[in-house]
Structure formats: structure tokens, C-alpha cells
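User: Hey, can you walk me through this model? I'll ask as I go.

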Amino acid sequence: MNLLYSQDEEALRDSLRDLLRTRAGSPDDGFDAEVWRLLTVELGVTGLVIPEKLGGAGASLREAALVMEELGRFLTPVPYLGCAVMAVTALRVAGDTAILPRIADGSVCAALAVPFAGPAGDVRVTDGTLTGRLESVADALAADVLLVPAGGDLYEVAADGPGVTRTPVVSLDVTRPLVDVALSAAPGRRIGPARPALGAARTAGAALLASEQLGVAEWCLDTTVEYARTRIQFGRPIGSFQAIKHRLADVWVSVTQSRAVARFAAGAVSGADPDGAEPRLAAALAQAHCGPVAVRAAEECVQLHGGIGFTWEHPAHLYLKRAKTTSIALGTAAAHRRQLAGLLGLTPAGTP
Amino acid sequence: MTDVRELARAFRASVPTDDPVEFLRARFDAGLAWVHYPAGLGGLGLPREQQAIVDEELAGTPSNDPRRIGIGLGMAAPTVLRHGTPEQRRRFLRPLWTGEELWCQLFSEPGAGSDLAGLATRAVRDGDGWRVTGQKVWTSMAHRARWAILLARTDPDLPKHRGLTYFVCDMTAPGVDVRPLRQLTGEAEFNEVFLTDVFLPDDLRLGAVGEGWAVARTTLMNERVSIGGGSLPRGGGLIGMLTSLWTDRPDVRTAAAHDEMMRLWVAAEAARLTGVRARQQLAAGDPGPEGSAVKLAFAELAQRITGLELELRGAEGLRHDDWTMRHGEAVDFEGRSPTYRWLRAKGTSIEGGTSEILRNIIAERVLGLPAEPRTDTTVPWRELPR
């Protein structure tokens, strides 16, 4: 598998950076509607993975991974993962033709109504209406459509329709808001079976989250290196001290590895069956590796910036929070290691 | 534009393969040894990437053993090509490439390892040549080598980087004494080389007098390019030996070891994929610094994996297979016992640049961090503490 970036991807990266560089800082509600409009309507990146006949670009999750990388680097508060990666993958697997064209043209934002970490919620179906409660759902604040798994099927529910209450929670990551979703006899339209759609969405989400973690880690490394080159203490730049150099070299090594792993995971889920054994292995590998690397890079960023790194006004804390929450969301590294062990037949202790 | 595929096919069809050495000589003379070298010196002056096409077309024909000729191929040849006289290039490159003459490297010394430019081996003018005296260490293949690349001090009154000169050492010359250096594994993969009043004619000098450090940099940069090359399948190598033990021996399994093993599996696969990506970059003509990431990561991994394997084996881990001294020529991670593997892995973070030096190189050359202030670059070498 080719682990390099294609020329098209490099071009996409350039236009994304041009767009995102000027949009530093995050709004209080964790959603930048104007950037989201530019991404969806001007650049069309939410429709990357949507087939051309449904109005999308017909590209693969590899290109979407590149978008995730840049959104991670700039910590852009938009629901790309939830809508353009996970909801789109679920809808494609479920065979939807109604919602996807509207995501592609930017008129609809969809979100999977499942907890960002932990098992799927428990929603009951009664006469075509849904009732239940889902905690800590990501990317649902700005959504027009919620995709709700219930009774073995996936349902479309209007996010601001009757019987739906979204309550924002105070999220550790202020750039990716979470909501609690309460459904009380909310009318739903059945899309298709939930299990394959959710499985593929989770695998694709975990695989591409690694690219976001790569972007986060790269920002932390670049920013810290720049600081170490210019911050003078004891009469010389702190980056000339071996104690600092070696820590940054170690971060560089693990970020370099993350790039190879994230590219591999993006490639693995880009095939016809995003929830096959190889994609699941690649996604688990990616989360087991890239999540902890991003956390470590962000922790080093805070530490090596010294006092300024511990302040609210320096952005380091935003990256630290993003890194830690993504290392828990969609499964912890430990959970992914257990999943890998299962896929590789390396059974736990006490089993024959 | 030369079509190397056509050339290689025509060569293969016309040259008999029954005498391996004759075949390799003919291949060199046809410019198909290393296509990026100049015509007449085993190459055709083509982009390096095209070598893969030649190797593909000549697969299955007699070939030289890169493990045997590695130092000559990876270090001596590019240095001779860049800094050698026309006579030196003609004399050395062909038998180097065919494997008829093996090379070793006389750089490191007991007192100058990572601080290579601090070396003390002296070369003193003597008529139309030089008299060399000193001690070198960690010399792979010295007991087989016909030639060596040698860095020696020709002016101790200059600062250390400026008083060095680069030579080709005749390993058959009187005064060259090669002794096996026994390592903590019990084996002697390497040698010590004692040089006592060794006479080297001046036509074995490579580059100008006092320019040895610049010449050595060519050598060292090429060494780094060649490190981290091998390609393993997923789950192969050391991690494969650990997971096989786990699979075959339910009695060694513990919950804590399971998680540690999976951490190592993830780290091994991440390092492997990084190597794959580095080779793809190289093939695309865009070599990056990723090779040093692979080297650093592998060094640590090898130690953690072999350490866990020994712990899992428990009482078995107290027993070694064989302390008989052997004079092997390569690392034997696959063929020996778990205790040998654990001991040998201790060398992975030292050989080819210690992990500490590698981190400095990454920090300064890749990340662009400033160098530490130094006191040893401006004073005469003679006055430095040693």
C-alpha cells in the first residue's frame, strides 16, 4: 500500500491550510458555522467520500483523512468526523440515497447518535417513534439530522423535530462539543439495518481519527520546536540543551511513525469493505498507536513551554484536551490492543 | 534516454551465468552494477531509482552478497567515487563491487567512539608515503577484508576536525594486526585492529592532507542512508518470536504480559510501516530523515521485546545455550537462543551511532534546534583532555 501523499492530496492540503490558517481560535460553543459553510460549500470536502452519482466527489477515505489531519492541526471546531466520515460511511453502507446528496451539497449536517466513547445507547422503537437517552454524543450540536440506532435498525430523526432534546454538556474538549440526546416518542424514518452501518462507521472513524491525532501531534511538535529555538534561558536557546533536544527528538520519532500508521489506516478503510478484518486491524493499530502519541506530544508541548504552557491564553491546552479526549473516544488504546489481540489470535492469559 | 530495462534484458541474454565472478565483472563493465555511477565505473550516470529495474531484470543471476560487501558498498564506494583520483576509482571500485575484495572501516577507537573527530591514530610523513600507528575498534570483517577506509591524525597541532586525513589501508601490509573482540554475547562479530608503523604509499591517500573530516562526512552520510533497509512481513522478526512463544506456550501467559506484548506488537508494526514509508519515499526520489526514526525505534524495540521474552520464560531464562567463542560475521537474532537475543539487542542502541547521538542529529538537522556550545573545536587537538 502506498503510504505517501498524492499530488492531489498535497494540493488539497494547500487549499485547506489557506482557508484554515486565518481562522485561529474557537468560538465559545465549539462550532464555527462560517468555516463549516466554506468547507462544505466552497471546498466541498464534506462530500469527498460520497459517490459522484449522489452529488459527491467520489474520492476515498484517504482524502478525507488528509482533511482530518489539517482540521486537527488547526483544531477547527467543525463536525467533520461525525458528519463527513462517520455518518456518511454509515449512510453509504445502509444504502441511503436521500440524505447523502444533501450532505454533499452542504444543505444537511448529519450526526451519528451514539456516545462518543463507550457502547451504543439504548433506544426503544414504538410504532415508528423512538424513545431513549444517549450521553456524550459528539458533533450533534450543529446537526440537522440524527442517525439513531434502535431495535437493530438505523433511523433518521430530525434533530430539531418533536420529541428530541439536545442538552449541551461541559466537554473536556471545548473545540468538540458534546450533547446529551433525549428522545421521547420522536418520529423516525427507517434507513436500514444498524449493525453493518455502525460497524463500518466506527472502523472508519477510528482509522481517520488517527489522522486528526497526527495533525494535533504535528502542531504540538512544530510549535514546541519553534519555542525551543527562540526562548532564551541561561544565556542560550533552551533548544540547545540536550535535555530538551532528546525529548523533542523522541516526539519527532513517534510522530513520524504516526504518519506511516495513519496513512496505512486511511488506505486500509478506503476499499470496498470498510469493516473487513484488515480495515479493523488497521483502525485498531492506528488508535493503539496514534492516540497515545498525540497525548504525549501535547503533554510535552505544555511542559516544554514552561509557565506559558500552563495558561489559558496559550493554545497548548486546547490541543492537550483534544488529544486526551480522542484517545478515549471510539475506544481507548488498551481496548484497541485487546481488539488487535483478538484479530491476531493472541489470546489473553488463562485461555488455552 | 537510455532504456535500462532493454539494456539489462540484452545483457542477460548475451552473458553466460555459469561463472559467477565473470558474470559480475561483465555486469560491472556493462554499467549495470550501480546505474547511478559514471560510465566506466560500473554505472551509466542514470538516476538511482533505475537500479531497481536492473535488479528486477537480473533477478536470479549470480549476485554479490550485500551482507558480505556491505561496508564496501555502502561506505567505501561512494567515498572513493567522490574523493578518489581516477586511478583510485579504477583500482578499487570493480573488485569491490564484484565481492572479490572485501572492505572494512577503521574509524572508531577505544578513546573516540561517538566523538569520532577526537581519534588518536597517527599518520606521519615518511618519504613518498605515511607511517600509521594506533588502535581501532568495532571493525566488522577486518579478518576478511583486503582494504579498509582509515581516518588518521596527520596534524595534532590543529583543532581536531582539521588535523585529519583519510586513507585507504592495505590490510595485508606489515604492522596490521587483527584480533577478534569478544562481546558480552560471547561471540566476536567485530575485531580490534592494531596498526604498528604501517607503511601506506601516498597514492592510498583519499582526498587532500587535512581534509579527512570532509571525506569522512561523505562516508558517514552514506552509512546513514543504508541503515534501516531490511523489509520484514507484518509480525515477523523479533516480535514474531515473542508471539510464537505466546501462542505455543499457554503456561507462560499472564495478563500483564499480554498487554505489554500487544504494546510491543503495535510499536513493532508502527516501526515496520515507517520503514515501508521511508523506502517508498526513497523510491520516489525523495529520501527523508525517516531512516533515523526507524533505527532509533528498532533499537529500543529489540531490547524491550527480547527482555519480555526472557521474563516470560522464567526459569528457562536463567540458562544460556552456549558460551563458546565464535567469530561470526553478522547478527544472529534468528538462529540463537532467547538469552543471546536479549544480550545482542543491547548493541542495537550503540552500533551505527548511539541513540543519544542520533537524537542530537534529529534535533539539530531535522528539527533545526541550535547546537550545544562546544569547547573542543577551536583548540589544538594536542591540548584537549583525553
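**Chat notes on the model**

Analyst: Let's start with Ser327(A), which sits in helix H9 of chain A. Helices here are DSSP runs of H or I with at least four residues, strands are E runs of at least two, and both are numbered from the N terminus. Keep in mind that this is a predicted model: local features need pLDDT of at least 70, side-chain atom pairs count only at pLDDT 80 or more, and totals for chains, interfaces and linings use all residues. Residues are numbered from 1 along each chain as its sequence is written, chains are lettered from A and ligands numbered from 1 in the order in which they are written, and side-chain values use heavy atoms, with hydrogens and water left out.

User: Is Ser327(A) buried or exposed?

Analyst: Ser327(A) counts as buried, at 13% relative accessibility. The cut-offs are under 20% relative accessible area for buried, over 50% for exposed and partly exposed in between, with a 1.4 Å probe and protein chains only.

User: And what does Ser327(A) touch?

Analyst: Not counting residues up to four places away in sequence, Ser327(A) touches Gln213(A), Gly291(A), Val295(A), Thr332(A) and Ala333(A). A contact is heavy atoms within 4.5 Å. Gly291(A) is 36 residues from Ser327(A) along the chain, yet their C-alpha atoms are separated by 4.6 Å.

User: Switching to H3(A). How many of its residues are buried?

Analyst: 12 of the 14 residues of H3(A) are buried, so this helix is largely enclosed by the rest of the structure. Among them are Leu61(A), Leu66(A), Met68(A) and Leu71(A), and also Arg62(A), Glu69(A), Glu70(A) and Arg73(A).

User: What do the buried residues of H3(A) pack against?

Analyst: Within chain A, they pack against H1 (7–21), H2 (33–42), H4 (80–94), H6 (194–230), H7 and H9 (316–328).

User: And the span of H3(A), what is that?

Analyst: H3(A) covers residues 61–74 and reaches 20 Å from its first C-alpha to its last, close to the 20 Å expected at 1.5 Å a residue. That expected span is 1.5 Å times one less than the number of residues.

User: What follows H3(A)?

Analyst: Leu75(A) does, with a positive phi near 50°, although it is not a glycine. Most residues other than glycine have a negative phi. Leu75(A) is in the loop between H3 and H4 of chain A, and it is buried, with a relative accessible area of 4%.

User: What's the phi of Ala185(A)?

Analyst: Ala185(A) has a positive phi of about 50° as well, and it is not a glycine either. Ala185(A) is found in strand E7 (residues 178–187) of chain A. At 45% relative accessibility, Ala185(A) counts as partly exposed.

User: Which residues does Leu130(A) contact?

Analyst: Beyond its neighbours within four places in sequence, the contacts of Leu130(A) include Ala185(A), Leu183(A), Val123(A), Val148(A) and Tyr155(A). Leu130(A) is in strand E3 (residues 129–138) of chain A and is buried, with a relative accessible area of 0%.

User: OK, cores. Which residues have the most contacts inside the largest nonpolar core?

Analyst: Those are Leu39(A), Tyr80(A), Val85(A), Ile103(A), Leu147(A), Leu208(A) and Leu248(A), in a core of 146 residues. H6(A) gives the most to this core, with 19 residues. A nonpolar core is a set of buried Ala, Val, Leu, Ile, Met, Phe, Trp, Tyr and Cys residues joined through side-chain atoms within 4.5 Å. Apart from it lies another core, of 53 residues, among them Leu81(B), Trp97(B), Leu150(B) and Phe167(B).

User: Pick out Val85(A) for me. What is it in contact with?

Analyst: Leaving aside neighbours within four places in sequence, Val85(A) is in contact with Leu61(A), Met68(A), Tyr80(A), Ala204(A), Gly205(A) and Leu208(A).

User: Last one. At what angle do H7(A) and H9(B) pack?

Analyst: H7 (residues 242–268) of chain A and H9 (residues 290–313) of chain B pack at about 105°, with their axes 9 Å apart. Axes are lines fitted to C-alpha atoms, for helices over the stretch in contact, and angles run from 0 to 180 degrees between N-to-C directions. H7(A) and H9(B) are therefore roughly perpendicular to each other; angles of 65 to 115 degrees count that way, under 35 is roughly parallel, over 145 roughly antiparallel and the rest oblique. Residues meeting there include Trp252(A) and Arg259(A) from H7(A), and Glu290(B) and Leu296(B) from H9(B).
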